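Trainee: I'd like to learn how to read a structure like this one. Could you take me through it feature by feature?

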Amino acid sequence: MDKSKLEELYNKMSLVHEKAQSAYQQEGVSSMLKNEFNNKVSQYNEMYENCEAMKLMTSKEETIDNLFNQQLEILNVRIKWELDWIKRVVASLTK
């Protein structure tokens with residue numbers, strides 16, 4: 001388990017999330033896109049935190065490694081989703 005890898009990816013996700021929040025604040029973003037953003041971000045945060053909580057409840061190294069890998073996957077999927085969401089917001093605003 002490489003904690004620095006997780007921290008690096010989390011920092012990358014945070015930067016992407018800041019850009020997405022900036023797009024969210026733009027005038028003219030539809031309520032449908034805003035609702036989607038709020039729901040997805042909430043889901044990704046909850047999944048990530050659940051893995052973190054489960055890591056604290058176990059002492060088995062194999063289980064901790066699996067949860068660590070799940071967190072990496074959650075962050076990767078979230079980054080891709082937020083980047084796609086930003087593109088859709090920009091496209092909707094330039095119509």
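Trainee: What is the mean pLDDT of the protein?

Mentor: pLDDT is the predictor's confidence in each residue, from 0 to 100. Where it is low, the predicted coordinates should not be read in detail. Here the mean is 96, and 99% of the residues reach 70 or more. Confidence is lowest in helix H1 (residues 3-24), with a mean of 96, and highest in helix H2 (residues 31-57), at 98.

Trainee: What box do the C-alpha atoms fill?

Mentor: Taken along the principal axes, the box is roughly 50 × 20 × 15 Å. The accessible surface (Shrake-Rupley method, 1.4 Å probe; for residues, only the protein chains shown count as cover) comes to about 6500 Å², and carbon and sulfur atoms hold 50% of that.

Trainee: How much of the protein is buried?

Mentor: We call a residue buried under 20% relative accessible area, exposed over 50%, and partly exposed in between, using a 1.4 Å probe and protein chains only. By that rule, 32% of the 95 residues are buried.

Trainee: Why does Gln71 count as buried?

Mentor: Gln71 counts as buried because its relative accessibility is 0%. Gln71 sits in helix H3. A contact means heavy atoms within 4.5 Å; leaving out residues up to four places away in sequence, Gln71 touches Leu6, Tyr48, Cys51, Glu52 and Lys55.

Trainee: And Lys55, is that one buried or exposed?

Mentor: Lys55 has 14% relative accessibility, so it counts as buried. Lys55 belongs to helix H2. Its contacts beyond four places in sequence are Leu6, Ile64, Leu67, Phe68 and Gln71.

Trainee: Which residues have the most contacts inside the largest nonpolar core?

Mentor: A nonpolar core is a set of buried Ala, Val, Leu, Ile, Met, Phe, Trp, Tyr and Cys residues joined through side-chain atoms within 4.5 Å. The largest one here has 24 residues, and Leu6, Phe37, Leu75, Trp85 and Val89 have the most contacts inside it. H1, H2 and H3 each give two or more residues to this core, with H3 giving the most, 10 residues. Take Phe37: apart from residues up to four places away in sequence, Phe37 touches His17, Ala20, Gln21, Tyr24, Trp81, Glu82 and Trp85.

Trainee: What about Asn76: how far is it from Tyr10 in space?

Mentor: Asn76 and Tyr10 are 66 residues apart in sequence, with 9.1 Å between their C-alpha atoms. Asn76 lies in helix H3 (residues 61-93), and counts as partly exposed because its relative accessibility is 32%. For the whole protein, 76% of contacts between residues at least 6 apart in sequence join residues at least 24 apart.

Methods: Residues are numbered from 1 along each chain as its sequence is written. This is a predicted model: local features need pLDDT of at least 70, side-chain atom pairs count only at pLDDT 80 or more; totals for chains, interfaces and linings use all residues. Side-chain values use heavy atoms; hydrogens and water are left out. Helices (H or I, at least four residues) and strands (E, at least two) are DSSP runs, numbered from the N terminus.
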